[in-house]
Amino acid sequence: MKTIRWGFVGCGEVTEKKSGPAFSEIPGSCVEAVMSRNENHARSYAERHHIKKWYTDALELIEDPEVDAIYVATPPSTHAIYAIMAMRANKPVYVEKPLASNYEDCVRINRVSAQTGVPCFVAYYRRYLPYFNKVKSIIDSGQLGKIMNVQVRFSRHHRDIKAEDGGLPWRLKPEIAGGGYFYDLAPHQLDLLQYLFGVITEAFGICENRLGAYDVEDNVSACFKFESDLPGSGSWCFSGHESSDEDSIEVIGEKGSMSFSVFHYKPIVVNDCNGTQQITVPNPPYVQLPIIRSVVEDIQGTSICSCTSVSATPTNWVMDRILGKF
């Protein structure tokens with residue numbers, strides 16, 4: 001079995017806590033090189049994680065003959081350019097979510113993947129976590145009956161904005177992130193819903209900046225409909241009091257209902273004719289490990305990873321529709 005040698009374009013916080021260590025935990029996978037524009041950061045990361053090479057230029061890392069596949073862990077505005085560079089170099093690529101900072105760049109990525117025949121995978125890792133597979137199994141079992149409605153409720157209290165390089169955090173710069181906190185957090189919820197219920201074919205939203213702490217939206221309300229005609233709605237508030245913090249999705253069926261969280265992994269709560277049941281499902285220590293294993297096995301030709309750029313693109317379409325980008 002060929003060992004897949006990875007090169008990281010970007011080595012920030014997400015690679016420290018969620019993904020980076022998983023690449024070396026999987027048989028047939030290792031990290032060969034990392035890249036950061038900050039030389040000290042790149043060197044420090046490589047030394048701390050016992051990685052042989054580090055770069056400050058993404059193209060040099062991508063063209064390294066000892067690197068077989070690329071992990072793009074930069075802010076969304078550069079996902080498309082690095083993913084396309086990797087695929088044109090005939091190297092499979094695994095991209096952090098969302099796939100890009102706008103729907104049009106997702107289409108570009110898919111076009112190049114089709115032209116080159118090189119796969120592009122996306123880090124919607126919740127599709128592969130035991131917690132959400134349990135959620136899916138409950139829905140698929142028919143325990144809730146026909147699903148009638150889906151509701152997303154997310155609220156996070158306003159936090160002091162810490163400036164980076166004299167400005168706002170990149171997650172609040174739409175030219176980098178694609179939007180505000182909605183574009184950073186809602187992708188996980190919207191991708192998961194489409195994994196559970198199929199593609200969203202209609203979506204619209206109302207977006208406002210209520211607090212005025214920054215320029216982009218801090219409140220979003222949306223309605224959407226799945227290909228099965230199942231209706232859904234969502235409310236996201238990033239400017240409330242801490243007492244209003246909420247992270248929940250409720251699935252309402254003809255025979256029962258279920259609620260679960262997307263970020264906090266609170267116990268899954270099922271209500272039906274048998275009463276209320278709380279289900280706790282533990283996840284692996286590195287939450288991206290199951291999906292990275294699937295990506296590695298796909299590249300090795302022993303399995304198929306379904307979390308491709310094509311399957312991830314509808315999430316960007318939905319977010320851009322909600323934000324009124326087109």
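## The eight-stranded sheet

An open sheet is built from eight strands, with mixed pairing and the order E8-E9-E10-E7-E11-E12-E13-E14. Its edges are strand E8 (200-208) and strand E14 (275-279), each of which pairs on one side only. On average, neighbouring strands of this sheet are turned by 15 degrees against each other, direction ignored. The model described here is predicted.

Strand E9 (residues 219-226) and strand E10 (residues 231-240) run antiparallel. Seven bridges join them. Here Phe 224 of the pair stands opposite Gly 232 in E10.

## Helices on this sheet

Helix H9 packs on the sheet. H9 touches strand E7 (147-157), E8, E9, E10, strand E11 (246-253) and strand E12 (256-260). The direction of H9 makes about 160 degrees with that of E7.

Helix H11 (residues 309-322) packs on the sheet too. The strands that H11 touches are E8 and E9. Its direction makes about 40 degrees with that of E8.

## Strand E13 and its partners

Strand E13 covers residues 268-272. Four of its five residues are buried, so E13 is largely enclosed by the rest of the structure. E12 and E13 run antiparallel and are joined by four bridges. Ser 257 has Asn 271 in E13 as its bridge partner.

E13 also runs antiparallel to E14, with five bridges between them. A hairpin of two residues joins E13 to E14. In this pairing, Ile 268 stands opposite Ile 279 in E14.

Which residues does Ile 268 contact, leaving aside its neighbours within four places in sequence? They are Tyr 131, Lys 134, Val 135, Ile 138, Met 258, Ser 259, Phe 260, Gln 277, Gln 278, Ile 279 and Val 281.

## The largest nonpolar core

The largest nonpolar core holds 103 residues. Those that touch the most other members are Trp 6, Tyr 94, Phe 182, Phe 197, Met 258, Phe 260 and Ile 268. H9 gives the most to this core, with ten residues.

## Where H7 meets H9

Helix H7 spans residues 130-140, and helix H9 spans residues 181-197. Their axes come within 10 Å and cross at roughly 35 degrees. The crossing of H7 past H9 is right-handed.

From H7, the contact uses Phe 132, Asn 133, Val 135, Lys 136 and Ile 139. From H9, Leu 192, Tyr 195, Leu 196 and Phe 197 take part. By class, this contact of H7 with H9 has seven nonpolar residues, one polar and one charged.

## The six-stranded sheet

A further open sheet has six strands with parallel pairing. The strand order is E3-E2-E1-E4-E5-E6. Strand E3 (53-55) and strand E6 (120-122) are the edge strands, each pairing on one side only. Neighbouring strands of this sheet are turned by 25 degrees against each other on average, direction ignored.

Strand E1 (residues 4-9) pairs with strand E4 (residues 69-72) in the parallel sense. Four bridges make up this pairing. The bridge partner of Gly 7 in E4 is Ile 70. Helix H3 (residues 39-48) lies across E1, strand E2 (29-35) and E3. H3 runs at about 165 degrees to E3.

## Two buried loop residues

Asp 68 sits in the loop between helix H4 (58-62) and E4. Is Asp 68 buried or exposed? With a relative accessible area of 15%, Asp 68 is buried, because buried means under 20%. Not counting residues up to four places away in sequence, Asp 68 touches Lys 2, Thr 3, Ile 4, Arg 5, Lys 91 and Pro 92. Asp 68 and Gly 7 are 61 residues apart in sequence. In space they are 7.6 Å apart, C-alpha to C-alpha.

Ser 101 is placed in the loop between strand E5 (93-95) and helix H6 (103-116). Ser 101 is buried, with a relative accessible area of 8%. Leaving aside its neighbours within four places in sequence, Ser 101 is in contact with Pro 76, Ser 77, Ile 176, Ala 177, Gly 178, Tyr 183, Asn 316 and Lys 325.

Terms used
Residues numbered from 1 in each chain as written. Predicted model: local features only at pLDDT ≥ 70, side-chain atom pairs only at ≥ 80, totals over all residues. Heavy atoms only, no water. Axes fitted to C-alpha atoms, helices over the stretch in contact; angles between N-to-C directions. Left-handed = near helix turned anticlockwise from the far one by under 90°. Contact = heavy atoms within 4.5 Å. Nonpolar A, V, L, I, M, F, W, Y, C, P; charged D, E, K, R; others polar. Core = buried A, V, L, I, M, F, W, Y, C linked by side-chain atoms within 4.5 Å. Buried < 20%, exposed > 50% of the residue type's maximum accessible area, 1.4 Å probe, protein only. Pairing = 2+ DSSP bridges.
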